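Please keep the sequence and the coordinates in view while reading.

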Amino acid sequence: MIVILIGYMASGKSSLGKLLSKKVNYQFIDLDHYIEEKENRSVSEIFRTEGEIYFRKLESVYLKKIIENSNNLILSVGGGTPCYSGNMDTILKAKNVKSIYLQSSLEKLVKRLKRNKSKRPLIAHIETDALLNEFIGKHLFERSQFYEQANIKIATDNKPKKEIVKELVSTLL
Ligand code: S3P
């Protein structure tokens, strides 16, 4: 089985994915890191030099490649992955794939992203808290229609990581 963790930036896809992979003894791949390794540069650099559309093409190609060639894998994808290039359909139609939406509230996401936006090309340039709030609010609203299609939804607010991992494991049984 391949478990794909989806959700907005800073929803915990990578850190929870890593923990889950250890618990169930599956391989773990973070799609952004995978792209960075294959392309030999950071996601921010790809955005800066080639633009977002180029990144979206790469993202879709590598997503398909990984799905076609893996098993017993936990895959965390980027916040935008399900929202472009028919990727959510690819995820939903693939045999042997379970998709899980890690759902965080707008408030929690804004709080985490405020501290940690410099490496995120989509929000790095947003200067004030008010503008960041507005951007994330709209963006999350637009993207939720994709995230909500996941096979399983797990609300993560105010839950310790350990508990979320337990819930994740139980969905795999
Ligand atoms: C993006 C999220 C990022 C990364 C890129 C674009 C997005 O991944 O793929 O910066 O469109 O939401 P994380 O969700 O892991 O931050």
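Which pocket is the space taken by the ligand? That space is the largest pocket, where a pocket, on a 1 Å grid over the protein atoms alone, is an open set of points with protein on both sides within 12 Å along at least five of seven lines. The model is predicted, so local features need pLDDT of at least 70 and side-chain atom pairs count only at pLDDT 80 or more, while totals for chains, interfaces and linings use all residues. Residues are numbered from 1 along each chain as its sequence is written, and side-chain values use heavy atoms, with hydrogens and water left out.

The ligand is surrounded by 13 residues, the closest being Lys13, Asp32, Arg56, Gly79 and Arg143; to belong to this shell, a residue needs a heavy atom within 4 Å of the ligand. By class, the shell comprises five nonpolar, three polar and five charged residues, with Asp, Glu, Lys and Arg counted as charged, Ala, Val, Leu, Ile, Met, Phe, Trp, Tyr, Cys and Pro as nonpolar, and the others, Gly among them, as polar.

A polar side-chain atom of arginine 56 is 2.6 Å from a ligand oxygen, and a side-chain N or O atom of aspartate 32 is 2.7 Å from one. For glycine 80, a backbone N or O atom lies 3.2 Å from an oxygen of the ligand. The protein buries 93% of the 390 Å² that the ligand exposes when taken alone (Shrake-Rupley method, 1.4 Å probe).

Isoleucine 154 belongs to strand S5, residues 152-155 (a DSSP run of E, at least two residues). Because its relative accessibility is 2%, isoleucine 154 counts as buried, a term that means under 20% relative accessible area.

Note on methods. Polar contact = N/O pair within 3.5 Å; in protein donor to acceptor, adjacent residues only side chain to side chain. 1 Å grid on protein atoms, 1.4 Å probe; cavity = no way out; pocket = protein on both sides within 12 Å on 5 of 7 lines; lining within 4 Å. Sits in = over half its atoms within 2 Å of the grid points. Helix = DSSP H or I, 4+ residues; strand = E, 2+ residues; numbered from the N terminus. Buried < 20%, exposed > 50% of the residue type's maximum accessible area, 1.4 Å probe, protein only.
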